[in-house]
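Subject: A structure for you to look at

Hello,

I am passing on a structure that I have been going through, and my notes on it follow below. Please open it alongside this message and read the two together.

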Amino acid sequence: MSASSNDANAENGEMLIDATPIPLLRSIQAHGRVWEDLAAQYGVTNPDPPWKITLEATCDLLAGDSCVKPYDQVEPGSCALPSLERRAEEDELSATLYEDVPFPERQLLALAHSMIARGLLDEAELASRMEVVGQRFNSA
Amino acid sequence: MSDHHDHDHDHGHKPAPMVDEVSHFEILEMAVRELAIEKGLFTAEDHRTWVEYVHTLGPTPAARLVAKAWLDPEYKKLCEADGVEASKAVGVNWGTSPPTQFGTPSDYCNLRVLVDTPTVKHVVVCSLCSCYPRPILGQSPEWYRTPNYRRRLVRWPRQVLTEFGLQLPSEVTIRVADSNQKTRYIVMPVRPEGTEGWTEDQLTEIVTRDCLIGVAVPKPGITTNVKLPVRKAIHPVHHDH
């Protein structure tokens, strides 16, 4: 998305991202157990889930060098998901669709939402992969 | 060893509790990551290297920088003049940190050390997103990322600091430093009374993450950060980037 279109969107009060609910992510939002509940149940004191840093790494690597360049100097297509756009979309989605989800779970949902909305991921493909990963994780 | 080994007796230690359950969120994180790697958006090796690097980060280097500066006036001058150079003394090299070595220099940027005085208090924000000096301060707290903090701090810094429990006299000027992609900040608070004769290690312990962001001041005996309820912003979020 270009800077000018974002400016126009902001002035018009429009969302920067398509916030149409994505069924797969809605289902996770509804049925997923968040870390603060799991930690309380199991008596774990770590305030963050173990996947928080791997999530941060995914966000950073998708952003390439856009984190350290002024926005107007980020070459279109130079990275998969510019950091400023991802953060702006996360802010919007956190205030709307995923408002009731704590952090960092909502950061994860927002990232997946941004990636699906941009065509970086396909919802059905992601659902299928989650099935495979879930079976693997629970096969011990 | 005896053949009989029951577990009625105390081994003297217990394993730390762990979450014995896989959540949908954990599965989602892995699935997103695996697909991104398969699609060539980044490599597994880069991801592993980055995660290993991030695991090494925390607020201790920044706290030690402040403690050293409190004890060494020449080092304090260096901190003010060149934060990147001063960081090397606490083991942080902004120019060669791992991100720059594999093509993701997301933390390579300028560092400025904002030195408080008895009449000037600095506090840091990133009003645009959540830029943070991770190589020297670790991961940002949740409240730092919220539009609520980012918007209100620049408008009502004194009141927002009060919400953190930091009441400043009216004669103290508050300066808000707004981070960006290239320049990030840490605050060097005034050394508190009651720390005369303390070692660098002792001083390092009381320079908390919150002190380094500027929402707290160090006090002898206080080594933890504030736990703040996270509030949402009332108005819709719009970025004009």
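**What I found**

Chain A contains 7 helices and 0 strands. Along the sequence its pattern reads α-α-α-α-α-α-α. Please keep in mind that this is a predicted model. Its scores are ipTM 0.90 and pTM 0.82.

Some more on chain A: 44% of its 140 residues count as buried. Among its contacts with a separation of 6 or more, 57% are between residues 24 or more positions apart.

**One helix in chain A**

Helix H4 of chain A covers residues 52-63, 12 residues in total, and spans 17 Å from its first C-alpha to its last, close to the 16 Å expected at 1.5 Å a residue. Is H4(A) mostly covered or mostly open? It is mostly covered, with 10 of its 12 residues buried. Among the buried ones are Leu55(A), Cys59(A), Leu61(A) and Leu62(A), and also Lys52(A) and Asp60(A). The cover comes from both chains: it includes helices H5 (83-95) and H6 (105-117) of chain A, and helices H1 (24-38) and H2 (44-55) of chain B. After H4(A) comes Gly64(A), which has a positive phi, near 55 degrees.

**The nonpolar core**

In soluble globular proteins, nonpolar side chains tend to be buried together. Here, the largest nonpolar core has 82 residues. Which residues have the most contacts inside this core? They are Ala112(A), Leu28(B), Val66(B), Val187(B) and Leu212(B). Leaving aside residues up to four places away in sequence, Leu28(B) touches Ile28(A), Leu108(A), Ala112(A) and Met130(A).

**Two strands in chain B**

Strand S4 of chain B, residues 183-188, is mostly covered too, as 5 of its 6 residues are buried. Strand S1 of chain B (residues 110-115) runs parallel to S4(B), and 6 bridges join the two. Within this pairing, Arg112(B) stands opposite Tyr185(B) of S4(B).

**Where to be careful**

Chain B has a mean pLDDT of 87, and 85% of its residues reach 70 or more. Where pLDDT is low, the predicted coordinates should not be read in detail.

Happy reading, and do write back with any questions.

Best wishes

Key. Residues are numbered from 1 along each chain as its sequence is written. Chains are lettered from A and ligands numbered from 1 in the order in which they are written. This is a predicted model: local features need pLDDT of at least 70, side-chain atom pairs count only at pLDDT 80 or more; totals for chains, interfaces and linings use all residues. pLDDT is the predictor's confidence in each residue, from 0 to 100. A residue is buried if 20 or more other C-beta atoms lie within 10 Å of its own, exposed if 12 or fewer, and partly exposed in between; C-beta atoms are placed from the backbone. Helices (H or I, at least four residues) and strands (E, at least two) are DSSP runs, numbered from the N terminus. Two strands pair if DSSP finds at least two bridges between them. Two residues are in contact if their C-beta atoms, placed from the backbone, lie within 7 Å. A nonpolar core is a set of buried Ala, Val, Leu, Ile, Met, Phe, Trp, Tyr and Cys residues joined through C-beta atoms within 7 Å. The expected span of a helix is 1.5 Å times one less than its number of residues.
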